[in-house]
Amino acid sequence: MKTIPRRSIGGDQTASSPKLVILGAGITGMFLAYYLRKDGYEVRLIDKDPVGREASVYNAGLLTPSFAPTPQLSKLQLLSAVIGRRGPLYISPMQVITHLSWFRIASGKALTGFEESTMKIGKLSLRLYEEFFSSENIDPDLAKGVVGLYRTVEDAKAFSTRFGGKLLEPAEISRMGYKGLEGGILVESEFSINPAKLFKQLRTRIQEMGVVITLDKEARLDDGARPRARYMLDGKVFEADSIIVSAGSWTRTLCNQVGFEPEILPASGLVMIYDTGGRRVIARPTLLEDYGIGIAQHDDHTLRVTSFFEMVGFKKHYGEGRKKWLVDIVSRHVTDLSKLRLVEEGIGFRPCTPDQFSVIGRVPYYENLYVASGNCRLGVTLAPASAYILRSIIRGEDCLDEIKPLLSPERFHS
Ligand SMILES: Cc1cc2nc3c(=O)[nH]c(=O)nc-3n(C[C@H](O)[C@H](O)[C@H](O)COP(=O)(O)OP(=O)(O)OC[C@H]3O[C@@H](n4cnc5c(N)ncnc54)[C@H](O)[C@@H]3O)c2cc1C
């Protein structure tokens with residue numbers, strides 16, 4: 001076990017400060033620790049990983065609620081996603097058979113209203129990010145303005161009519177470093193970050209504030225004292241005033257230990273990081289919307305390419321054929337890909353619910369057990385707001401109260 005010591009105390013911790021334990025030190029768990037420590041709670045953060053990074057490091061780093069809408073998929077496209085790996089989406093038939101209730105809810109849920117509510121949470125989150133960056137003097141390679149590119153101008157116009165954003169001329173798209181894509185949208189108020197830098201800087205900051213971080217320890221939940229939940233490490237049982245499960249795609253495993261089903265399944269994605277040798281390859285962080293590919297250049301050397309949405313459980317493998325598909329598409333649409341050197345590859349697991357909202361709130365039948373899952377495709381974007389919403393629930397305060405029922409852990413069971 002590696003325990004990182006406190007360096008200095010933030011907040012008003014006293015002998016009687018409420019003790020709060022967060023299981024999962026990804027981006028959501030760390031923002032929870034940040035806000036609750038500021039409120040004066042004594043916070044312990046536990047992660048099973050020696051570093052504790054998972055999806056919070058291996059993602060596209062786009063903070064962009066405007067691109068929340070799920071790409072429209074025909075029945076044929078969905079069927080082909082189950083039959084084989086042709087495009088970015090793949091769903092293993094075994095997952096469908098094993099988790100029928102999840103897929104039944106997903107196919108029955110009308111997602112109307114998803115965009116509007118997600119935009120509200122997203123706007124709060126972007127404001128919290130801006131406050132966090134300026135008050136903590138943190139800069140994880142912040143780049144303003146996110147671009148969505150489409151094969152046709154009509155698709156870009158359709159997006160712009162529904163969700164706003166400035167339409168781009170083909171010449172502008174070409175100047176940004178792209179080819180073969182006619183339609184584009186620029187959302188100037190949204191941004192991208194380097195997720196690895198954000199992760200590191202936030203981790204350092206919460207340590208400085210006095211959050212105790214225990215790594216390389218897999219926690220379990222114990223229901224022996226219901227309605228009080230307890231947590232276990234190395235077979236020993238511990239109590240806390242509040243326990244928060246913030247374990248991303250593993251939230252389900254922990255919740256199942258106390259008899260609760262949060263309906264969260266993992267969807268994996270691949271991240272490839274290149275050294276550009278000092279060249280700027282693209283001008284703006286971009287989503288190639290027809291392919292589900294994200295591309296962002298964080299500095300003069302680091303280019304991040306991400307794709308795939310595979311529901312295959314926790315399988316951590318992408319074959320050469322899949323990588324070739326990704327590289328071929330990127331080569332087709334990025335003008336100058338010469339002399340790039342692949343320096344890192346990683347796989348992240350998106351915590352996905354069937355209605356695409358996060359799960360945030362108190363776990364039914366428990367007084368002191370809470371859950372704050374990341375969001376499937378927008379977990380980094382929404383992390384500060386998710387933490388803020390759960391903080392308000394724990395403290396009995398108001399915060400986007402009209403949206404809380406959509407996030408409630410009980411919503412799939414009523
Ligand atoms: C390829 C890809 C691209 C993405 N792109 C974007 C994007 O551009 N923008 C965006 O907003 N979102 C994006 N996402 C989604 C986003 O990355 C995730 O939603 C987010 O990182 C989830 O954060 P989290 O803290 O909830 O979970 P995680 O980062 O998965 O952290 C959960 C932590 O819990 C720990 N844990 C699990 N079980 C236990 C246990 N029993 N005991 C102790 N610790 C435990 C794990 O080790 C892990 O560190 C992307 C995801 C992927 C995979």
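User: What distance separates the centres of domain 1 and domain 2?

Analyst: The centres, taken over C-alpha atoms, are 27 Å apart. Please note that this is a predicted model.

User: Which parts of the chain belong to domain 1, and which to domain 2?

Analyst: Domain 1 consists of 1–61, 111–137, 194–262 and 354–414. Domain 2 consists of 71–110, 143–192 and 265–352.

User: How many residues of each domain are in contact with the other?

Analyst: On the side of domain 1 there are 30 residues, and these are in contact with 34 residues of domain 2. Between them, the two domains bury about 2500 Å², with 62% of that area on carbon and sulfur atoms.

User: How many residue pairs are in polar contact across that interface?

Analyst: Eight residue pairs are found in polar contact there, with both residues of each pair at pLDDT 80 or more.

User: Which elements of domain 1 give two or more residues to that side?

Analyst: They are helix H5 (114–136) and helix H8 (195–209). H5 gives the most, with six residues. The residues on this side of domain 1 comprise 15 nonpolar, eight polar and seven charged ones.

User: What is the count of salt bridges between the two domains?

Analyst: The count between domain 1 and domain 2 is two.

User: And how many does the structure hold in total?

Analyst: The structure holds 26 salt bridges. One of these joins the side chains of Lys120 and Glu402, at 3.9 Å from N to O. Lys120 lies in helix H5, whereas Glu402 is in the loop between helix H11 (383–395) and helix H12 (404–407), so this pair ties together parts that are 282 residues apart in sequence.

User: What is the N to O distance in the salt bridge of Glu130 and Lys144?

Analyst: The side chains of Glu130 and Lys144 meet at 3.1 Å, N to O.

User: Changing topic to the ligand: how many residues surround it, and which are the closest?

Analyst: The ligand is surrounded by 39 residues, and the closest are Asp47, Ser56, Leu62, Asn375 and Thr381.

User: How far is an oxygen atom of the ligand from an N or O atom in the side chain of Ser56?

Analyst: That distance is 2.5 Å.

User: One last topic, the backbone. Is the peptide bond from Arg226 to Pro227 cis or trans?

Analyst: The bond is cis, with omega near 15 degrees. Pro227 sits in the loop between strand E10 (220–225) and strand E11 (228–233).

User: What about Asp216: is its phi positive or negative?

Analyst: Asp216 has a positive phi of about 65 degrees, although it is not a glycine. Most residues other than glycine have a negative phi. Asp216 is located in the loop between strand E9 (212–215) and E10.

Technical notes. Residues are numbered from 1 along each chain as its sequence is written. This is a predicted model: local features need pLDDT of at least 70, side-chain atom pairs count only at pLDDT 80 or more; totals for chains, interfaces and linings use all residues. Side-chain values use heavy atoms; hydrogens and water are left out. Domain bounds come from an automatic or database domain assignment. Contact means heavy atoms within 4.5 Å. Buried area is the accessible area (1.4 Å probe) that two parts lose on being put together, summed over both. A salt bridge is a side-chain nitrogen of Lys or Arg within 4 Å of a carboxyl oxygen of Asp or Glu. A polar contact is a pair of N or O atoms within 3.5 Å; within protein, one must be able to donate a hydrogen and the other to accept it, and residues adjacent in sequence count only if both atoms are side-chain atoms. Helices (H or I, at least four residues) and strands (E, at least two) are DSSP runs, numbered from the N terminus. Ala, Val, Leu, Ile, Met, Phe, Trp, Tyr, Cys and Pro count as nonpolar, Asp, Glu, Lys and Arg as charged, and the others, Gly among them, as polar. A residue is near a molecule or strand if one of its heavy atoms lies within 4 Å of it.
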